[in-house]
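Welcome, and thanks for taking a look with me. Here are a few notes to read alongside the model.

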Amino acid sequence: MVSVPCPSCGRSLHFRKATQAGARLTCPGCGTRLEVLATTPMELDWAFDGPIQDQVEPLPEALDELDVDDGLAKSQA
Ligand SMILES: [Zn+2]
């Protein structure tokens, strides 16, 4: 997983490593339309108007915590 700060609001956005250059996304923090410019390293920039080739969704931040949450501290439903 790759984390890149939104160029607009600075929020950390998480992507699968398979994300490809040219993919478009919308920042969940500020709603800005972004485009993946490069993947090694990951670079984001504001998306320009044009046909959407490959819309991707940033991964929810909660995924970051999966590795450290074994259910021991989970609140009861
Ligand atoms: Zn943002």
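1. Let's start at the metal. The four donor atoms around the zinc ion subtend angles of 106 to 113°, so the arrangement is tetrahedral (four donors count as such if all angles lie between 85 and 135 degrees). Ideal angles for four tetrahedral donors are 109.5 degrees.

2. Those donors are the SG atoms of Cys6, Cys9, Cys27 and Cys30, at 2.3 Å. Donors here means N, O and S atoms within 2.8 Å of the metal (3.2 Å for Na, K and Ca), and water is not among the atoms, so sites may look incomplete. Along the chain the spacing reads C-x2-C-x17-C-x2-C.

3. A word on the source: this is a predicted model, where local features need pLDDT of at least 70 and side-chain atom pairs count only at pLDDT 80 or more, while totals for chains, interfaces and linings use all residues. Residues are numbered from 1 along each chain as its sequence is written, and side-chain values use heavy atoms, leaving out hydrogens and water.

4. Is Cys27 buried or exposed? Cys27 is buried, at 2% relative accessible area, and Cys30 is partly exposed, at 34%. (Buried is under 20%, exposed over 50%, partly exposed in between, with a 1.4 Å probe and protein chains only.)

5. Cys27 also belongs to the largest nonpolar core, which has 12 residues, including Val4, Phe15 and Leu44. Such a core is a set of buried Ala, Val, Leu, Ile, Met, Phe, Trp, Tyr and Cys residues joined through side-chain atoms within 4.5 Å.

6. Leaving aside neighbours within four places in sequence, Phe15 is in contact (heavy atoms within 4.5 Å) with residues including Val4, Leu25 and Leu44.

Note on methods:
Tetrahedral: all angles 85-135°; square planar, octahedral: opposite > 155°, others 65-115°.
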